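Subject: The structure I promised you

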Amino acid sequence: MRYSKARVTAAMAAVGALSLTAACSSGGGGTGGGGTGGTATAATATVPNYGLGTAADSTGPAPAVAGAAKGGTVYDLNQAGYDYLDPGQQYVSDQLSISPLYARTLTGYKIDPKTGKTILVGDMATDTGKESDGGKTWTYTLKDGLKFQDGTPITSKDIKYSIERLYASFETQGPQWIQKWLYGPDYRKLYTGPYDGKEIPDSLLATPDDKTIVFHFKDPHADAPYAMAMPTTAPVEKSKDTKSSYNNNPVSSGPYEIASYKAGKSLVFKRNPYWDPKTDPIRNAYPDSWNFTLGIQQPSLSQRLMAGAGNDKDALDLSYVADTSVMQQLVTNPEYKSREVNEYQPYVETLDINTKRIKDVRVRQAIAYAFPMQQVQQAYGGAQQGDMGTTLLSPTMAGWKKYDPFGKLTEPAGNVEKAKELLKEAGQPHPKLVFPYSNTTRMQTVSLTIANALEKAGFQVVRKPIDPTSYYTVVGKVNNQFDIYRTGWGSDWPNASTVVPPTMDGRNLQDGTNNYSFLNDSHINSEIDRISKESDLKQQTADWEALSEYSLKNDTAQVPFLFDKYFNVYGAGLGGVTYNSVTGVINANTVFVKK
């Protein structure tokens, strides 16, 4: 899952974090009316349990939230705007936070408002899907009573059309799982979308009737039900498709429709009268409307949420973390405890090592031992911004286990002597490291902290500032002239199939790759192929976990150092504020305005 550029820039500039994870009580759950304040320690969270729900779990209406009332307006104060409202283009957490308000998908996450337990259920579909042909074929049946905002019934052909338009040249930002599973990695060469009158053939994507859609993938995909929860399966009404302009006026299939939108300034949702709560097991949709004010600068935004004056009493920020300047107040002042959310997000911050340039694993391991994890955590804004992390998978991941091969939690300030020892063994007592960093206030501090620690171990570090807007483009070039650089990645759903292959597959070495370390380990490549075809999801989960541990210990191409968190406060006039640990944002579905 990608980061929001605006969110990263704002968080870094404030020396506060964006990424992935939560507080001491993660559990994938929310805070009900309260919150989970306090200071987190390294990886002490309860691992969430993301099971598959039954057909009964997939029936509506959504379970009632204790004390909830219908009506009123929820206000969202937002640092930036939304690059994409077209569900097919949405792939970062801030966009995913608002998508459920107006876009239903084949499956979705049902979050218990009391316990925070999160399961995958059928959203528009009657269940999470029926597999056949060894996991290559997945069949979904739509519920009765599904309609667009104009009252037009939603059929399986609308779902198929939404998948077909993902192949169009302007659809470049969304996830590509379904496209690749149907056609392979070069899918755009094989199908270019529906605008020339061509459809995806029934042999790949069939709609035998208005209620049934059948996916025929090239290979088995045991985690297909989770992919169906991405916004890419939201239906698009063909007669209302305005191609690239659809980004500004998507048609609703959910409880709200867009009343007005001024890019970068405001976004207002009103009720969709054709949404039927009896079909929806996920969304309570208590408020009459949602009003987003965009482009509010920090620290003003956080200060307004804390003060809760006027309409701000009924306000929150669905996706961004609190400004670092107010963090100490939020932590120490009991006034805010009842309306704080402190939870893990699905991202892991890493220091990536360019394996094309640093070929000796002992040198890479010396970097890992010397890395000043504790100091970097403080430079990021402290424990409220993220836990010290020692695994390549987030604690929000199914099957996550503690793993610390370099003893970072025992010596979080770094083991300089062990690093020196490894460099001596490698015959490189003073290796030079070219270290680019995103030129923001926070990353200036973070990069200097890392450089100072590495130099104590015997490295010569040359820091180079990079424009934040082009940072990932620059470090993502295969022939870049850098040795180490900070990146991060989050899962698309709670399975490492969306982490290990994108970031470790050595056959994915081209400009723009997410394999930022350019690792090319034949064992990892072959294991990715084997595990991807595993039909037993529980076994697949265990195998991904083992492979991530193998890579960390034996290749050391990435040094994990932080499990990011969502930590923020919301207005006292709101209730039902729960958390979606899959996307790392507030769960808008259960929020209500107190009477």
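**What I found**

Of the 595 residues in the chain, 62% count as buried. Keep in mind that this is a predicted model.

Let's begin with the overall build. The chain has 16 helices and 22 strands. Along the principal axes, its C-alpha atoms fill a box of roughly 70 × 55 × 40 Å. A compact globule with 595 residues would have a radius of gyration near 25 Å, and the chain comes out at 23 Å, so the two agree. If you take the contacts between residues at least 6 apart in sequence, 75% of them join residues at least 24 apart.

Strands of a sheet pair through backbone hydrogen bonds, in either a parallel or an antiparallel way. E3 and strand E4 (residues 118–122) pair in the antiparallel sense, over 5 bridges. To find the spot on screen, look for isoleucine 111, which stands opposite threonine 118 in E4.

Now for two single residues. Leucine 433 sits in strand E15 (residues 432–438). Is leucine 433 buried or exposed? Its relative accessibility is 1%, so leucine 433 counts as buried, the cut-off for buried being under 20%. Leaving out neighbours within four places in sequence, leucine 433 is in contact with Ile358, Ile367, Leu454, Phe459, Gln460, Val461, Val462, Asp483 and Ile484. Tryptophan 400 is 33 residues away from leucine 433 in sequence, and the C-alpha atoms of the two are 32 Å apart in space.

The other one is aspartate 543, in helix H16 (residues 537–555). Aspartate 543 has a relative accessibility of 14%, so it counts as buried too. Not counting residues up to four places away in sequence, aspartate 543 touches Arg530, Ile531 and Glu534.

Most residues other than glycine have a negative phi, and most peptide bonds are trans. Where does this chain do something else?

- The peptide bond from glycine 60 to proline 61 is cis, with omega near -5°. Proline 61 belongs to the loop between E1 and strand E2 (73–77).
- Glutamine 298 and proline 299 are also joined by a cis peptide bond, with omega about 5°. Look for proline 299 in the loop between strand E11 (289–293) and helix H7 (300–307).
- Lysine 243 is not a glycine, yet has a positive phi of about 55°. This lysine 243 is in the loop between helix H6 (224–227) and strand E9 (256–262), and with a relative accessible area of 42% it is partly exposed.
- Alanine 285 has a positive phi as well, near 50°. You'll find alanine 285 in the loop between strand E10 (266–271) and E11; its relative accessible area is 6%, so it is buried.

Terms used
Residues are numbered from 1 along each chain as its sequence is written. This is a predicted model: local features need pLDDT of at least 70, side-chain atom pairs count only at pLDDT 80 or more; totals for chains, interfaces and linings use all residues. Side-chain values use heavy atoms; hydrogens and water are left out. Helices (H or I, at least four residues) and strands (E, at least two) are DSSP runs, numbered from the N terminus. Buried means under 20% relative accessible area, exposed over 50%, partly exposed in between (1.4 Å probe, protein chains only). Contact means heavy atoms within 4.5 Å. Two strands pair if DSSP finds at least two bridges between them. The radius of gyration is taken over C-alpha atoms; the globule rule is 2.2 Å times the number of residues to the power 0.38.
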